[in-house]
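Q: How does one read burial, contacts, pairing and confidence from a set of coordinates? Please take one case at a time.

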Amino acid sequence: MSQKSHQGHDFKYLFNLLFALSQLVNIFFSLAFAEGFSEGLGMASETDYGNPTAGPVALFFPVYLLWRGFNYKIIHWFGYHAKADLNYQYVPPTLLGGGLAIVLPDFRKMSSKYKARYQQRSKLFQTIFYLGFVAWTWAVCYYGVKICYAITEFIGITSFSSATSMNITIVVMMFAEWKLTQLYYKVFPKIFKLDVIMTEHSQPVVGHRKEESD
C-alpha cells in the first residue's frame, strides 16, 4: 500500500478552487459595498474629471481584506495552510510582455510539525497585526490616490485624458502599496518586539520572543 493512501485524501486543489471562487465573490461584494456606502453618505463617486474619488476606492480594501482574512481562517479550521509564497499566474501575455497577474495561494495539509510551530504564534498580536495591515492599506490607498490626483491635475494631465490620469495613479499606487506593505511587515514585529516564526501567503506570523538563557 502506498504512503499516500495512508495519509487519506488530500483536498488542497478543492480548497484552492473554493478560495478562488470566494475571492471573486469578495471582489464584487467589496466593490458594491464601497460604492453603495459612499452613495449612502452622499460622497461623490467621481471627480470633476471622471475618475473615482479616493473615498470609494480606499473603502474597497478594508472590506476585501477582512473577507480574505476570514477565508484563510476557514481553511485553517479544515487543517490546511497556505504556503509561504503566493502563486502568481499570468494570463494572457500583453504587448509589454507581462500579462495580468492573478495571485493565488497554494494550500497544503498541515503536518504535526507545522501545527506545533503555528501554535507558537501570539493570537493577540497576530490579530492586531492584521487589523493594522487593513488600516494601513486603507490609509496608503486613500491618501495616495488624493496625492496622485493632485499631482496629475497640477501638471495638466487630467485636462486632456482622465484615463491617462487613472492609469498613472494605478501604477504609482501599486508600487507604493507593495513597498509600504513590505515596510509594515518589517516594522510591526520590531515595534512590539516579536519574532516572525513563519510566513503564510507572504505575510508574517508573529510570536513572542523567547528569552535568551544566561
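Predicted model: local features only at pLDDT ≥ 70, side-chain atom pairs only at ≥ 80, totals over all residues.

Q: Is S30 buried or exposed?
A: Burial is read from relative accessible area: buried means under 20%, exposed over 50%, and partly exposed in between, with a 1.4 Å probe and protein chains only. S30 has 0% relative accessibility and therefore counts as buried. S30 lies in helix α2. Helices (H or I, at least four residues) and strands (E, at least two) are DSSP runs, numbered from the N terminus.

Q: Which residues is S30 in contact with, leaving aside its neighbours within four places in sequence?
A: A contact means heavy atoms within 4.5 Å. With neighbours within four places in sequence set aside, S30 touches F60, V63 and Y64.

Q: Which residues does Q23 contact, on that basis?
A: Q23, also placed in helix α2, contacts Y64, W67, R68 and N71 once neighbours within four places in sequence are excluded. Q23 counts as buried because its relative accessibility is 8%.

Q: How far apart are L59 and L31 in sequence and in space?
A: Such a pair is described by two separations. L59 and L31 are 28 residues apart in sequence, and their C-alpha atoms are 8.6 Å apart. L59 belongs to helix α3 (residues 54-77) and, at 18% relative accessibility, counts as buried. A second pair is A176 and G144, 32 residues apart in sequence with a C-alpha to C-alpha distance of 8.2 Å. A176 sits in helix α6 (residues 162-191), and its relative accessible area of 23% makes it partly exposed.

Q: In which sense do strands β5 and β6 pair, and over how many bridges?
A: Two strands pair if DSSP finds at least two bridges between them. Strand β5 (residues 194-200) pairs with β6 in the antiparallel sense over six bridges. M198 has V205, in β6, as its bridge partner. Five of the six residues of β6 (residues 203-208) are buried, so this strand is largely enclosed by the rest of the structure.

Q: Where do positive phi values occur around this hairpin?
A: Most residues other than glycine have a negative phi. The hairpin of β5 and β6 has two residues between the strands, and H201 there takes a positive phi near 40 degrees. S202, in the loop between β5 and β6, has a positive phi of about 70 degrees although it is not a glycine; S202 is partly exposed at 29% relative accessibility. K193, in the loop between α6 and β5, has a phi near 55 degrees and counts as exposed at 60% relative accessibility.

Q: What is the overall pattern of the chain along the sequence?
A: The chain has six helices and six strands, in the order α-α-α-β-β-β-β-α-α-α-β-β. Buried residues account for 36% of its 214 residues. Of the contacts between residues at least 6 apart in sequence, 67% join residues at least 24 apart.

Q: What average pLDDT does the chain have?
A: The pLDDT is the predictor's confidence in each residue, from 0 to 100. The chain averages 78, and 73% of the residues score at least 70. Over residues 1-8 the pLDDT is below 50, and this stretch has two contacts beyond near neighbours in sequence. Residues 90-100 also have pLDDT below 50, with twelve such contacts in the model.

Terms used: Residues numbered from 1 in each chain as written. Heavy atoms only, no water.
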